[in-house]
Amino acid sequence: MKTENLSSFDMPAADMDPALFFETAASRLGAGGRTLAYFAVPEGPEHRLVMAIGFDREGRVEVYSCLAAGPSFRALTPSFPQLHLFEREIFEQAGLKPEGHPWLKPIRFNTPGAVPGVADFFTVHGSQVHEVAVGPVHAGVIEPGHFRFQCHGEKVFHLEIMLGYQHRGVERRLSAGPDARSLHYAETLAGDTTAGHAWAYCSALEALAGVNVPPRAQVLRGIMLELERLANHTGDLGALAGDVAFLPTANFCGRLRGEFLNMTALVCGNRFGRNMFRPGGVNFDLDFALIKELRLRLQDAFRGVENAVGLLWETGSVSDRFENTGVVSRETAEGLGLVGPAARASGVPLDTRRNFPYGPYEDFTVSVSGSGDVYSRAYVRWLEIQKSAELVAGWLDALPEGPIAAECGPLRPDSAAVALTEGWRGQICHFALTGPDGRLRHYKVVDPSFHNWQGLAMALRGGEISDFPLCNKSFNLSYCGRDL
Amino acid sequence: MIKALLARLKQGYRTMDFPAADLRLPPRGLGRPELSGRLEKAAAACPYSAITAGADPVLDLGKCVFCGACAAADPAGVSFTRDHRLCASRREDLAVKGAVLKRADALGADLRGIFGRSFRLRQVSAGGCNACEADCNVLGTPAWDMGRFGIQFVASPRHADGILVTGPVTRNMELALRKTYDAVSSPKVVIACGACAIGGGPYAGHEECVSIPKDIPVDLYIPGCPPHPMTILDGLLRLLGRID
């Protein structure tokens, strides 16, 4: 059935016969659809499969569902690789086996007897082939994950990424909500994407409750989301500079990232935007003095970033490492369903703010760069920094009058809603289903990293292992957002 | 090259004084709480049972995620100050009573002699949301420059004097945490950074999380969700006896 971002619908309307479900899913994905979410919901002793497909150009969302007949179902991954992790997840969470899946193994190691990192790894054999294993504890101050490279000398034939170490059972608890902890779960799905996930969570509930969020609250949300993007993109450009030993930009951006975080803290008290969002609106308003202060700080920080990042494009030793490193073609990006800056850097013109507009976003222009390499992923971030700074400045100049929150009442029973936002890593999808009592029956979170980790693996294929840190940083994906 | 030098001039000297008398959290920030009254409403509003109501109420900073729900429910009972100095040496010292919080003590003279001027930490991220990690990383930027105090995060536990743990310690990270701890030579220091590492944070009570095992003794608790970099640095410097 057809729906759109942020509108609630009757879940039974999406129900179809299992055979028709797989035929329809295949034909819609074949017609240019992109998987937003695909998951299993317990229904009595059985499971219901639910798939949400996005049509980016038309800004349309389609939802299909069927009761899984028997202990297995037809895998669509062989034709549509973008489904590979979704089907593995269904296998792990619901025990339904996708028949014909070429890559069936655990993704979070959260079933009885599973040992994290112990799985059937893909291996390459040959007298001079060797294997390099890294993690779960990495050299830097970053999240845990296990990476296994199949190499011939410096050359990487294959990289397999095995995560799950950050699995802390958030999705399961969200599904039992809403309760006093739900918003905190949303805020910490990926702690550096608090605004992105909290917005998606609030939107899903608002759609189900039929609440109209006041315009001032929408714009304040927009300011938080764009400050989050500014902080993270600035930090990433600094870290990319650090990974090619270009220390001026690395140092300047490290400090400048903090300036954006401090602006966020000025609004809501917390550098990561905690406590700002609530279903129905936001918790903190801006007065004249605060707007003035933010405007000054934004201008100052943006000039600093312009100066620091400008050095990157003018330095030969940086271009030498950035260009043609970790190339992901547009075909690969589309085939894997990549999202966010990683997709836009491979020429895919997808941005939720443009394709599925929400809140204060109107006539948004997407920043795209085509070469698919580290340079392109860095450059897209710089384009987006400029755009975000412009948006925030514009909003601070023309903040709509009115209240900052509306009352968010009870949720419509037996309904569902898809909420999409554009976090700094890319499209975030939350899919909420209510039961007959108006409580949540299931809550599905798809962090952009869930789509993108395989993109990083492909970026390394045929490259050099010494380029791994640089490629990894150019994606800068979330472990906890994927592991949930 | 000349452009890099000009940029350096433009970017300026940015390292802040630390500790400085006027360092406080931003105006809307939530720092050390002060309590008065019986706090029944505040206790009922807390999703993490961090508050014990009664004639002598207690707020456990080890369970608190600083969401402010208690202060919203009982504005007269709980008020969060802008004081960032929250770290403690013992788990029980995180219990705030009235306006009192016992701050972290320095390590003993023998350990201070070893670590006081050169302190290397291996960070272990064990199931959190990456916000604590982000605010630990920030301490390495020129603004905070933790290196000036002789403190540094290092890549190998073999090079480290201790570990700094973030996250509620998921089942899937339990073994890796233990192996990393075992790989650090004695004497060694353990720091629990953030609400998750201390008491599970938002994930308290989840069966997927096991918390830091009892036989890994913690020397410093840094509350917050995530702790502000000021709070982390203040705690580290108190531990080393650089702040009294």
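**Entry 1**

I opened with Asp467(A), which counts as buried at 15% relative accessibility. By the cut-offs I use, buried is under 20% relative accessible area, exposed is over 50%, and partly exposed lies in between (1.4 Å probe, protein chains only).

A note on what I am reading: this is a predicted model, where local features need pLDDT of at least 70, side-chain atom pairs count only at pLDDT 80 or more, and totals for chains, interfaces and linings use all residues, while side-chain values use heavy atoms, with hydrogens and water left out. Residues are numbered from 1 along each chain as its sequence is written, and chains are lettered from A and ligands numbered from 1 in the order in which they are written.

Next I looked up the partner of Asp467(A): Arg321(A) forms a salt bridge with Asp467(A), with 2.8 Å between the closest N and O atoms. The pair links distant parts of the chain, 146 residues apart: Arg321(A) sits in helix H9 (residues 316-322) of chain A, and Asp467(A) in the loop between helix H14 (448-460) and helix H15 (468-475) of chain A. Arg321(A) is partly exposed, at a relative accessible area of 27%.

For the record, a salt bridge here is a side-chain nitrogen of Lys or Arg within 4 Å of a carboxyl oxygen of Asp or Glu. Helices (H or I, at least four residues) and strands (E, at least two) are DSSP runs, numbered from the N terminus.

**Entry 1: more salt bridges**

How many salt bridges does the structure hold over all chains? I found 46.

I picked out Glu89(A) and Lys444(A), whose side chains meet in a salt bridge (2.8 Å, N to O). Glu89(A) is in helix H2 (residues 84-94) of chain A and Lys444(A) in strand S15 (residues 440-446) of chain A, so distant parts of the chain are linked, 355 residues apart. Glu89(A) is buried at 1% relative accessible area, and Lys444(A) is buried at 1% too.

I also noted a network of salt bridges that links Glu226(A), Arg229(A), Arg344(A), Asp351(A), Arg353(A), Glu384(A) and Glu422(A).

S15(A) is largely enclosed by the rest of the structure, because six of its seven residues are buried. Strand S14 (residues 426-434) of chain A pairs with S15(A) in the antiparallel sense over six bridges; pairing takes at least two DSSP bridges between the strands. I followed Ala432(A) across and reached its bridge partner Tyr443(A) in S15(A). The hairpin of S14(A) and S15(A) has five residues between the strands, and Gly438(A) takes a positive phi near 80 degrees there.

**Entry 2: chain B against chain A**

The contact (heavy atoms within 4.5 Å) takes 55 residues from chain B and 55 residues from chain A. About 4400 Å² is buried between the two chains, with carbon and sulfur atoms giving 54% of that area. Gln11(B), Arg28(B) and Asn172(B) supply 18% of the area that chain B buries against chain A, more than any other three residues. Buried area is the accessible area (1.4 Å probe) that two parts lose on being put together, summed over both.

Which salt bridge did I check between the chains? Arg271(A) forms one with Asp135(B), the closest N and O atoms being 2.8 Å apart, and the count between chain B and chain A is five.
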